[in-house]
Amino acid sequence: MAPTYELKGLRKVFDDGSVAVDGISLTIEPGEHVAFIGPSGAGKTTLFRILNLTLRPTAGVVRLGGVDVSGLGESELQKARRRIGTIYQQGNRVGRLRVVHNVLAGNLGRWSTTKAFVSLISPQGVDTARRALGRVGISEKLYARTDELSGGQQQRVAIARVLVQDPDIILADEPVSSVDPSLAASIVTLLRDLSAESRKTLLLNLHSVDLALASFPRIVGIQEGRILFDLSPEKVTPEMLRVLYAGDDEAIDIERLNEILSVSGLCRPIRK
Ligand SMILES: Nc1ncnc2c1ncn2[C@@H]1O[C@H](COP(=O)(O)OP(=O)(O)OP(=O)(O)O)[C@@H](O)[C@H]1O
Ligand SMILES: [Mg+2]
């Protein structure tokens with residue numbers, strides 16, 4: 001089977017001259033779970049926007065399932081995008097809508113505009129939405145207003161929406177940065193379990209280094225648009241993390257990291 005993604009020499013320079021991605025080459029196999037970490041401004045979100053085909057790179061090659069996406073026309077791109085579900089920190093939920101509508105918006109790529117519009121008045125496939133919410137543990141919130149849910153529940157709505165979309169690839173950009181650490185861990189575990197169940201490829205950007213190291217078999221450290229390391233968590237050393245976050249000491253909560261690492265046994269303790 002062709003790799004899910006093959007990236008070669010990817011570069012993104014924005015119009016104002018800022019270089020967000022600066023030569024990234026990477027292969028992701030089907031069903032892999034990978035966490036991307038790195039300081040603010042490293043280029044993680046830009047990379048994910050290139051991966052979900054909403055942003056064209058300035059240079060380099062993206063192969064999706066063996067196909068060079070630069071050769072795709074608009075309708076083929078649309079089709080390819082449907083295979084990719086993106087979970088944003090905020091943004092792809094409409095707060096004032098009921099949960100059911102936000103979840104069913106996962107169908108938008110497939111439905112005609114008319115059907116999507118009708119679904120705002122008389123929800124199509126309410127059972128589908130209820131099932132998806134059941135899988136993320138909040139089926140009772142079907143008719144709640146989305147902006148009246150807690151941050152963690154809203155994240156679950158975003159996951160349920162991606163489940164309805166049923167993509168081959170899930171890209172989650174900081175999916176848990178607005179929820180408390182224990183809830184963050186449970187949402188990340190939920191994403192991993194749901195992806196594993198249906199063999200989806202799962203890529204996450206995570207601010208929380210401890211969560212990334214404790215939960216993912218492959219860790220990619222991004223700094224200034226480049227890959228600093230691409231390793232299994234037990235090979236990630238304290239020095240590497242220090243270099244990755246140089247000048248951004250606040251990013252790592254060393255005590256919490258060690259607490260988790262001592263339980264998971266995935267990585268050696270980190271010293272300040
Ligand atoms: N639309 C844009 N126009 C110009 N510059 C941009 C644009 N989007 C991002 N950048 C710049 O590209 C760089 C990488 O930004 P990006 O959002 O990818 O970083 P990030 O790693 O996701 O950061 P964070 O951890 O804070 O989310 C930054 O310097 C940012 O200012
Ligand atoms: Mg970002």
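1. A polar contact is a pair of N or O atoms within 3.5 Å; within protein, one must be able to donate a hydrogen and the other to accept it, and residues adjacent in sequence count only if both atoms are side-chain atoms. Gly 41 meets ligand 1 this way: a polar backbone atom of Gly 41 sits 2.8 Å from an oxygen atom of the ligand. For Ser 40, a side-chain N or O atom is 2.5 Å from a ligand 1 oxygen. Ser 18 places a polar side-chain atom 3.2 Å from a ligand 1 nitrogen.

2. This is a predicted model: local features need pLDDT of at least 70, side-chain atom pairs count only at pLDDT 80 or more, and totals for chains, interfaces and linings use all residues. Residues are numbered from 1 along each chain as its sequence is written, chains are lettered from A and ligands numbered from 1 in the order written, and side-chain values use heavy atoms, without hydrogens and water.

3. Ligand 1 is surrounded by 14 residues (a heavy atom within 4 Å). Among the closest are Lys 44, Thr 45 and Thr 46.

4. Val 103 touches (heavy atoms within 4.5 Å) Ala 129, Leu 133 and Val 157, among others, not counting residues up to four places away in sequence.
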